[in-house]
Amino acid sequence: MIVRPLVDQERIVRELEALAEFSDTPKPAITRILFTKPDLEARAYLKGLCEEAGLHLREDGLGNIFARWEGSAPDLPAVGTGSHFDAIPYAGMYDGTVGVLGGLEAIRSLQRSGFKPRRSIELLIFTAEEPTRFGIGCLGSRALAGVLSPDSLRELKDPEGRTLEEVRWEAGYMGRLEDVALPEGYYSAFVELHIEQGPVLEQERVPLGIVTAIAAPASLRVHLEGVGGHAGTVLMPDRRDALCAAAEIILGVEAFAKNSGSINTVATTGFCEVYPNAVNSVPSRVRLEIDIRDVEQSRRDQVIRNVIQGVEQVCTRREIKYSVQIINIDPPAKAGSDVLKALVASCSEAGVRFKLMVSRAYHDSLFMARIAPTAMLFIPCREGISHRPDEYAAPDDIARGVYVLALTLAKLSLAEEKTVAKDDPVLLDE
Ligand code: GLV
Ligand code: MN
Ligand code: MN
């Protein structure tokens, strides 16, 4: 069957611009944090667009939004697509949103072309892929995959001490957390469209990336407690300065990653809170948050062990009390081979060159891959910049990604039961 999706490039650009209006910071800096006013306004806007497209809407107790285009075989597992629309402080307007509005436009482009889905095609708009409010990334998709239990969800608190329970109820999400995890076999396949967030596609002038694996992310929280005091009167031999210990630890994090033996190891101490944070006071307490990733889990885990040992050594020598909490330690995800094949076939049908690549950023697909054969499609973004206000993806690149996504969804929707096999891993492309 020949499918010719009719993508409305101007419309998706207009909708991305409209979505960017819902932000806690003035454009071009986008800040959209879970269950804040801009997040709730963005939800209402997106749900309105889905309704306009005739999709059947459902939301779970965490605020994951499902918008379904029913197929002729509605009892078969559906084909899913989607991404997130939250944005870290001072981010750009394309991270996640291209996969949300792009997924919707892919569905609309198939509707316009007269395509009739067999398996239903469902847009999944995830709650909080970014860790900003509750300290853990992929909140919605983790829970959908059953990786985060309802009890752990209930324990989550934001920096102001407000529980997830409180804020989700306030936002109108009162459904049972026990009902969030998706049943086995809910999706036959899942495809996420996303900006690359790195420079490779642009540098190599390749219009699309097909993601074969997503790197394994982990994050640690380190609490340090020394002894505070007057910056003028506590003499240097008597100091137990928590920030000096933190400084050594931070440099250790960098060194362990640099010396891992692979360019694929990255480690970042991106958060440092100092108490009392005053120029004339010896820092008594510090909280650090450390992000460590690799495409190879064992190498990533070795760096984690090194960092923890480093914390022990520095703190013992400096007489600092410490605790290390592992916030998440996730395995890498490998793409499902039938979804990859559908993406490759769609690229060749569309006459678009592509590159097989790994994703060094994490995505909701990291968790969707645990419950469905999953793959991602990357489009270039200018200079690889992301998580910054100057993040940019060109309209032509977005439209091309949407076109190939639409072709892929159509193929997967028509796929027979046996052709969408349970995960058949494809090797990491290091
Ligand atoms: C997701 O935004 C990540 O930090 O990789
Ligand atoms: Mn992001
Ligand atoms: Mn993202």
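## Aromatic cluster and its surroundings

Phe66, Phe126, Tyr186, Tyr187 and Phe190 together make up one aromatic cluster in this predicted model. Across the whole structure, a search identifies 8 aromatic pairs. One of them joins phenylalanine 66 and tyrosine 186: the ring centres are 6.3 Å apart and the planes stand at 70°, so the arrangement is edge-to-face. Because phenylalanine 66 belongs to strand 3 (residues 65–69) and tyrosine 186 to the loop between helix 6 (164–170) and strand 7 (187–195), the pair ties together parts that are 120 residues apart in sequence. Both phenylalanine 66 and tyrosine 186 are buried.

Phenylalanine 66 also has arginine 58 over its face, at 3.8 Å from the ring centre.

The rings of tyrosine 94 and tyrosine 392 are edge-to-face, because their planes lie at 85°, with the centres 5.9 Å apart. Tyrosine 94 is in the loop between strand 5 and helix 3, and tyrosine 392 in the loop between strand 17 (374–379) and helix 12 (395–414); the pair thus links parts of the chain 298 residues apart. Tyrosine 94 is buried at 7% relative accessibility, whereas tyrosine 392 is partly exposed, at 30%.

## Manganese site

Asp95 (OD), Glu130 (OE) and His387 (NE2) coordinate the manganese ion (ligand 2) at 2.0 to 2.1 Å. The spacing of these donor residues in sequence is D-x34-E-x256-H. Aspartate 95 coordinates both this ion and the manganese ion (ligand 3), and the two ions are 3.6 Å apart.

Aspartate 95 is buried, with a relative accessible area of 7%; glutamate 130 is likewise buried, at 6%.

Conventions:
Residues are numbered from 1 along each chain as its sequence is written. Chains are lettered from A and ligands numbered from 1 in the order in which they are written. This is a predicted model: local features need pLDDT of at least 70, side-chain atom pairs count only at pLDDT 80 or more; totals for chains, interfaces and linings use all residues. Side-chain values use heavy atoms; hydrogens and water are left out. Donors are N, O and S atoms within 2.8 Å of the metal (3.2 Å for Na, K and Ca); water is not among the atoms, so sites may look incomplete. Buried means under 20% relative accessible area, exposed over 50%, partly exposed in between (1.4 Å probe, protein chains only). Rings of Phe, Tyr and Trp (its six-membered ring) pair if their centres lie within 6.5 Å; planes under 30 degrees apart count as stacked, over 60 as edge-to-face and the rest as tilted. Helices (H or I, at least four residues) and strands (E, at least two) are DSSP runs, numbered from the N terminus. A charge sits over a ring if NZ of Lys or CZ of Arg is within 6 Å of the ring centre and within 35 degrees of the ring normal.
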